[in-house]
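Visitor: I would like a close look at a single part of this structure, the place where two chains come together. Please take me through it carefully.

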Amino acid sequence: MPPDRGAGKDSDSVAQGKMTFEQAMTRLEKIVESIEQGKIGLEESIKQFEEGMSLVQRCRSVLAEADLKIQNLQAAGADGVAIDRGESAGSQG
Amino acid sequence: MTADREPPRRPPFDPRRVRPGPDESLPPRRGGQGDDDALTVSSLNTLIRAAVCREFPSELKVGGELSNVSRPSGGHVYFTLKDAASEIRCVMWRSDAAKMRFDAADGLEVIATGTLDVYEPRGQYQLYVRRMAPRGVGALELAFRRLKDKLQAQGLFDSARKKPLPALPRRIAVVTSPTGAAIRDILQTILRRFPRVSVFLYPVRVQGDGAAEQIADAIRRINASRESLGGIDVLIVGRGGGSLEDLWAFNEESVARAIAASRIPIVSAVGHEVDFTIADFVADVRAATPTAAAELVVPVLADLLAAIDDRRRQLESAGRRQWERARSRLAVAERCEWFRDPLGRLRQTRQWLDEAAGRLELAVAQCRSAAAAELHARERRLWRVRPEAELQRRRRLLTEQAHRLLSAAGQAHRRAERRLAVARGDLMAASPRRGADQWRLLWGQCRDRLLAGQARYFADRAGRIEVLGDRLGAGSHESILRRGFSITTMVTNRRVVRRARDVRSGDKVQTRTAEGSFTSRVADDRQPELFDDEPA
């Protein structure tokens, strides 16, 4: 599993399952491997298959959400920033 | 100057003045007259200062070498600028010195920009330096290397400090000029590769006065507010290409420290491929250009979607294979006999069971009858050897024996009688009278036979003698003698003379002819030694 990033967190929606995108992809790979090898039983295979498909869905939805959004920041307070509502660069794409 | 004359008003320290005020002027020079018109030192210095202020532009640029640089605790910097022949004292106020981009040290060639003024209490003219910069590109590079070495020694460049970039960032902060090529390139690249992010642009100056402060400040502020912004995954700081001076803000210590202190991973993207600034060394990742920075930060959406699709397909085919495997196993199991006709085995077994039961019964019956027969036999045997039977048997035996005994006795008796009769007969036959007659008969017979036999024998012999006599006669010497031969024998020993050498001259010999014999003496004139052999 990839280590936690500094301040950022990947893919809020995949974090529903508390999983980052990378983690979801890795888990997906593991599931494919485990089903292919055929060492697990049939019921377990089906269960993992379903989990795999749901991971596929989630990963896809993570990548599908939101268009590019550009916003300006400006100084606010003593040492912070705030979004500059006055003049936004607007969405592109 | 007379005592009642007011000294000219000290002009306020105003470096922007180019010309002296209207009410100031140097008093006309006088020749040296008595001591009454001697100037005071203060007024002299004031006049000098006024003259300096009048004559010199408010801003001067002076180039020279730094020396005697000293920073007392007040924070102001005192130094001397010199060249080969001359030098001048300088001072830089603390606030201005703080903005210096480089480390002022003895020996450095610099261009100092400031105002010339006179410190009246000391009668000292000084250059009040507002700005200072190393002279020429070489000096800049020296300053660069100095700062780089210092920060490296402090470990700011260590790779252990560098934070990894998030694989899939959603909120990206960019610190750069809002009008430059950098932001344009970054946004275009992001749009092209992965337009599912939020970009927060914090506009700053990227060169000139105050640029470094703005950049460092921006980085600090964004760090401080990252949570309230919803989390910032990565920060890009940079600018487009330019000269070393243009990029200089990114070589400032303040920027380096702000980058080092950032909790957010930072990608530096300053200038072109060949430009390396201090910011590049401190940052977590250095990108050669702003476009490269965007490429480092965001993945390609199409690639990710393709990877997901690949996984999905693998998952489906793996699942399908598993399913097929399970199905074919089931099919194999279904084909097996137990499945198709479970009762079949049952029937077989039942039949076998029936047969076995039958055989069992048979065997039991056989067993029983054999036992019964055996019992019977034993019973019979037992019956046979029952005591009465035995008794009877013995009695019968006894009776038989008695009978046999009787009959045997009878037979023996009869045999004895027969023998007796025979013996009597024999005896009678052997009575002497009959015997004597018989003997006489026998004797006669024997004698006759004997005589007959004897006669025959003699006749036979005689006959044989005849024959032999004939033969003898035929071969006898009589016939030979009659043919004319004679036999000579030695008189001495009656040996026949067969060889001439058997005799010697003078021996007496007898010669026998067919009729009569005569004696003679050998007259032999042979050489005796020639014939002296061993007599045979």
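Guide: What follows is a description of the contact between chain A and chain B. The model is a predicted one, and in it 43 residues of chain A are in contact with 45 residues of chain B. On the side of chain A that touches chain B, the elements that give two or more residues are α1, α2 (42–64), β1 (69–76) and β2 (80–83), and by class this side has 21 nonpolar, eleven polar and eleven charged residues.

Taking the helices of this contact, the axis of α1 of chain A (residues 21–37) comes within 8 Å of the axis of α9 of chain B (residues 301–335), and the two cross at roughly 25°. Because angles under 35 degrees count as roughly parallel, α1(A) is roughly parallel to α9(B), and α1(A) passes α9(B) in a left-handed crossing. From α1(A), the residues M25(A), L28(A), E29(A), I31(A), V32(A), I35(A) and E36(A) meet A307(B), R311(B), Q314(B), L315(B), A318(B), G319(B) and Q322(B) of α9(B); sorted by class, this helix contact has eight nonpolar, three polar and three charged residues.

Strands also take part, for β1(A) is joined by four bridges to β7 of chain B (residues 198–203), and these two strands run parallel, with I70(A) standing opposite V199(B) in β7(B).

Among the contacts in chain B between residues at least 6 apart in sequence, 63% join residues at least 24 apart.

Technical notes: Residues are numbered from 1 along each chain as its sequence is written. Chains are lettered from A and ligands numbered from 1 in the order in which they are written. This is a predicted model: local features need pLDDT of at least 70, side-chain atom pairs count only at pLDDT 80 or more; totals for chains, interfaces and linings use all residues. Two residues are in contact if their C-beta atoms, placed from the backbone, lie within 7 Å. Axes are lines fitted to C-alpha atoms, for helices over the stretch in contact, and angles run from 0 to 180 degrees between N-to-C directions. Angles under 35 degrees count as roughly parallel, over 145 as roughly antiparallel, 65 to 115 as roughly perpendicular and the rest as oblique. A crossing is left-handed if the near helix is turned anticlockwise from the far one by less than a right angle, and right-handed if clockwise. Ala, Val, Leu, Ile, Met, Phe, Trp, Tyr, Cys and Pro count as nonpolar, Asp, Glu, Lys and Arg as charged, and the others, Gly among them, as polar. Two strands pair if DSSP finds at least two bridges between them.
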